[in-house]
Amino acid sequence: MKFLHTSDWHLGRQLHNASLLEDQAYVLDQIVDIASQQAVDAVLIAGDVYDRTVPPARAVSLLDSVLDRLCREKAIPVIVIPGNHDSAERLGFGARQLSASGLFIIDSPEAILSPVILEDGYGKTAFYGIPYLEPAVAREYFDVELSGHDETLAYVAKRIKSHNQKKGSYRTVVLSHCFLNGGEACESERPLSVGGADQASAKNFKAFDYTALGHLHGTQYRYHEKIRYSGSILKYSFSEERHTKSVTLVDMDAQGECAIEEIALKPLHDMRTLEGSLAEILAMGKTDHNALDYVQVRLSDTHAILDIMGKLREVYPNVLHLERPGLLSASSGQMASRERLKKGEMSMFRDFYEQVRGESMSSAQDRLLEETIENLHRAE
Ligand SMILES: [Mn+2]
């Protein structure tokens, strides 16, 4: 049984107010090609298909076209669970009808014990999906006292195990959207719960032949190679600039042993942080072959500069974020805070004046500015 494990598509996500739909369409094309070239038996999406419970219309159209190409054109079954960013009800629309055409959306607790059974030359494999479950929802549905994500997943895993034993002990793949203990997080994941009861033990999944996880956006495994996060399909925050995004190709033999391969995805725009003075960065940008990357800039300049973003955009059109650590460190001397504030305002205005007029302020203008700032502070 050969399948492609993906997760965290986050369709419709924006990065510092820039739409990423084109970037998402670009890597999804690659996923369709990989699935087709590798002749996989299934494609898995382990949650966070959309970025929001009510996704933008264009994100819905994109998902629709990708699923059409996979399920109908290539005849590859797709198995999906909702993540904490999805609305399970909205994502699950038509799920029972769609399963007849190879699109399996496991959208509710009821569906957990109705695995998708796929067959290859070695026999059957059961794919069990656990939609993202709030412990309170699980408690009510199963009518069992369950507190926290760990207890919930332990309980559900136990139910899956005994269900599979009863049905024929097939090779078992489980899809789950959760935060496993010790997992490495990054800035683009939304915490599952406030206060730390969100993590669960990886050992809950040790009985299964493969566990396809979603939620953490970096590729990693916990406890055993077969209990694994594929990671998101794109970098969704600058904290991920050193990630290599990929999909995970799993080739499972007759005994359920898995050969695992990460296949890198090539982004339409890469993402990186540039540090230095404005002059240095502008000079670098002129010969930068990857000037269309999404960049954030950390400027070392300690003086005020007019229209930095406009200037940066001339060489880096996709600059998204600007930080000015230089300004902070320049003003963090030993002066009393009020003096410092006044001095900071004075020097910022002097810099501004110089840039607009191309000359320094006269001493009379300087005095007038000082008086004005004093008066404003007094009025406050
Ligand atoms: Mn996610």
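Ala212 has Arg228 of strand β14 as its bridge partner. The model is predicted: local features need pLDDT of at least 70, side-chain atom pairs count only at pLDDT 80 or more, and totals for chains, interfaces and linings use all residues. Residues are numbered from 1 along each chain as its sequence is written.

Strand β12 (residues 210-214) and strand β14 (residues 227-229) run parallel and are joined by 3 bridges. Strands here are DSSP runs of E with at least two residues, helices are runs of H or I with at least four, and both are numbered from the N terminus. Two strands pair if DSSP finds at least two bridges between them. β12 and β14 belong to an open sheet of 6 strands with mixed pairing, in the order β7-β8-β9-β12-β14-β13. At its edges stand β7 (116-120) and β13 (220-221), each with a single partner strand, so one side of each has no neighbour in the sheet.

Next come two helices. The axes of α5 (residues 135-142) and α6 (residues 148-167) come within 9 Å and cross at roughly 40°; axes are lines fitted to C-alpha atoms, for helices over the stretch in contact, with angles from 0 to 180 degrees between N-to-C directions. The two helices are therefore oblique to each other, a class for angles that are not under 35 degrees (roughly parallel), over 145 (roughly antiparallel) or 65 to 115 (roughly perpendicular). Pro135, Ala138 and Phe142 of α5 meet Gly148, His149, Thr152 and Tyr155 of α6, where contact means C-beta atoms, placed from the backbone, within 7 Å.

On the scale of the chain, an automatic or database domain assignment gives domain 1 (2-264) and domain 2 (271-379). Their C-alpha centres lie 45 Å apart. Domain 1 gives 6 residues to the contact and domain 2 gives 7.

Terms used:
Two residues are in contact if their C-beta atoms, placed from the backbone, lie within 7 Å.
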